[in-house]
Amino acid sequence: PPPIPGTRKEKGVVASCLGDRRAAAMAMAAAAAGGEPVEPQSLKKLSLKSLKRSLDLFAPTHSLPFAPDAESKRIRVSCKVNAEYGAVKNLPTDQGRAQGKGAAAPSNALALLGTQDTKDAPREGTSNAIIPAPLMLPKAPESAVPGKNTTVLSIPGSSDRFSTSALMERLPSRWPKPVWHAPWKNYRVISGHLGWVRSIAFDPGNEWFCTGSADRTIKIWDLASGTLKLTLTGHIEQVRGLAVSQRHTYLFSAGDDKQVKCWDLEQNKVVIRSYHGHLSGVYCLALHPTIDVLLTGGRDSVCRVWDIRTKAHVSALTGHDNTVCSVFARPTDPQVVTGSHDTTIKFWDLVAGKTMCTLTHHKKSVRAMALHPKEKSFASASADNIKKWSLPKGEFLHNMLSQQKTILNAMAVNEDGVLATAGDNGSMWFWDWKSGHNFQQEQTIVQPGSLESEACIYALSYDNSGSRLVTC
């Protein structure tokens, strides 16, 4: 049927008819001109041919960068030079200064001649020598370096680039030299606990020491002979912290059973006081050196302050975000310092019960701290590093010069400046306190019948003389 007038189909038929007529007319014109007949082509085919020609023309260089423009590069470099060195690019020379002053002032310039200036170097005896591009160095006062020759000779034929460090006087290093310490040697092994030994404390009279274990007992040993004197039972979980009072014959213990117990060793009373209040296991405890106050830190992220005599809970030092695993006390502010699994160390105002300062230098849990017995400084141990701090402000002094590369569970320092640190892999390193130099490394062996992974050292402490070290 014929197409309906005005529809799309009719328009397409008309367009195709017009296209065929034009192609036929072009073929006829070419034939009339005497050339070869041109094949009639549709508009779509011509467009594809044009597209192919364009692709062949431009495609090979499509992904290549533009050719660099030398003028553009020169402008860019000059802008950078002016921005960086514009203030010092055009400095007045010595001759210009002398002409400006009207007199020839003596010059402090130091001339170092290179290879290109060797042939132009003046001979001896000539006075009108022009030295190209002198290196300006300030002249040190003669009184500053007594008895030293400050003459610098220029060496012909040397390199064009000169290092000013070769011309400057070397200053001695201000880092302290390591002090020699006698090597430490293991001379006795005491075995008696049925579980991991988690804590240790020494008698103020230096006659005995006590250890707390995962077998839920506290054992008291004679320091001279290493024999067992007494076994205390009462905890129902492992004993993680021990402390002996210097003014009383009291022994304090803390464990994973949330209990803090006080033992009277003079009258042989087993448990005379218990301090209740922790919501989870108690990991560390410390006694205040001047007042009758006990400090305990635990897995509830709180350091609690107890009155020893009345068992009263004085205050709770809150602020840590994770387990409080190390604590020590001082007679002056900051009287309490705590380390936590949240990688921070906090100084506490004991009267106000608030934080005085927070040290955030560590990246891993601060499991151990050691207060120096003489200096106003302390050290903190973490898996990333061992750091030394000053007191009372908590200024960072320096890191120890090596990394033990393990989790550090305990550390102690004596009056001679020997710092001992113990790790999870059974390694024990000895450090010089002042310089941070590691002068001895020891590796423990496991108990017979134990796994190789159970060589961990959980606690260590010096006796009161500082000449004996006990590790657990």
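These legends go with several close-up views of a predicted model.

**View 1. Strand β25 and its enclosed setting.**
Let us begin with strand β25, which covers residues 427-432. How many of its 6 residues are buried? The count is 6 of the 6, so β25 is largely enclosed by the rest of the structure. In a regular strand the side chains alternate between the two faces of the sheet. For β25, S427, W429 and W431 are on one side, while M428, F430 and D432 are on the other. These residues are all buried, and both faces of the strand are covered.

**View 2. The strands paired with β25.**
Stay with β25 and look at its partners. Strand β24, made of residues 418-423, runs antiparallel to β25 and is joined to it by 5 bridges. Within this pairing, A420 stands opposite F430. The hairpin of β24 and β25 has 3 residues between the strands, and G426 takes a positive phi near 85° there. Strand β26, residues 438-443, also runs antiparallel to β25, again with 5 bridges. Here W431 has N438 of β26 as its bridge partner. The hairpin of β25 and β26 has 5 residues between its strands, and in the turn G436 has a positive phi of about 80°.

Now find strand β3, at residues 197-202. Of its 6 residues, 5 are buried, so β3 is largely enclosed by the rest of the structure. It is joined by 5 bridges to strand β4, residues 208-213, and the two run antiparallel. I200 stands opposite T211 of β4. Between the two strands of this hairpin are 5 residues. Which residue in the turn has a positive phi of about 65°? It is N206, a residue other than glycine. Most residues other than glycine have a negative phi, and most peptide bonds are trans.

**View 3. K258 in its loop.**
Here is another positive phi to look for. K258 is a residue other than glycine, and its phi is near 70°. This residue lies in the loop between β8 (250-255) and β9 (260-264). Is K258 buried or partly exposed? K258 is partly exposed, with a relative accessible area of 43%.

**View 4. Two cis peptide bonds.**
The peptide bond from D333 to P334 is cis, with omega near -10°. P334 lies in the loop between β15 (324-329) and β16 (336-340). Another cis peptide bond joins L391 and P392, where omega is about 10°. You can find P392 in the loop between β21 (386-390) and β22 (396-399).

**View 6**
A search of the whole structure finds 13 aromatic pairs. In one of them, the ring centres of Y250 and F252 are 6.3 Å apart and the planes stand at 90°, so this pair is edge-to-face. Both Y250 and F252 are buried. Elsewhere, look for a cluster: ring pairs link F328, F347, F378, W389 and F396.

**View 5. Charges over rings.**
Two arginines can be seen here with tyrosine rings. The charged end of R198 sits over the ring of Y458, at 3.8 Å from its centre. R240 lies over the face of Y283, 3.9 Å from the ring centre.

**View 6. The cavity.**
The structure holds 1 cavity of 30 Å³ or more. What is the volume of the largest cavity? It is about 50 Å³. Its lining includes S382, D384, Q403, K405 and W431. By class, the lining has 4 nonpolar, 6 polar and 2 charged residues.

**View 7. The second largest pocket.**
The second largest pocket holds about 1500 Å³ of space. It is lined by 42 residues, and V189, I190, T444, T471 and C472 lie nearest its centre. Which strand gives the most to this lining? That is β28, with 3 residues. The strands β4, β5 (217-222), β25, β26 and β28 (469-471) each supply at least two residues. Sorted by class, the lining residues are 22 nonpolar, 14 polar and 6 charged.

Note on methods. Residues numbered from 1 in each chain as written. Heavy atoms only, no water. Phe/Tyr/Trp six-rings, centres within 6.5 Å; stacked < 30°, edge-to-face > 60°. Buried < 20%, exposed > 50% of the residue type's maximum accessible area, 1.4 Å probe, protein only. Lys NZ or Arg CZ within 6 Å of the ring centre and 35° of its normal. 1 Å grid on protein atoms, 1.4 Å probe; cavity = no way out; pocket = protein on both sides within 12 Å on 5 of 7 lines; lining within 4 Å. Points joined across faces, edges and corners; volume = space filled by probe spheres on them. Nonpolar A, V, L, I, M, F, W, Y, C, P; charged D, E, K, R; others polar. Helix = DSSP H or I, 4+ residues; strand = E, 2+ residues; numbered from the N terminus. Pairing = 2+ DSSP bridges.
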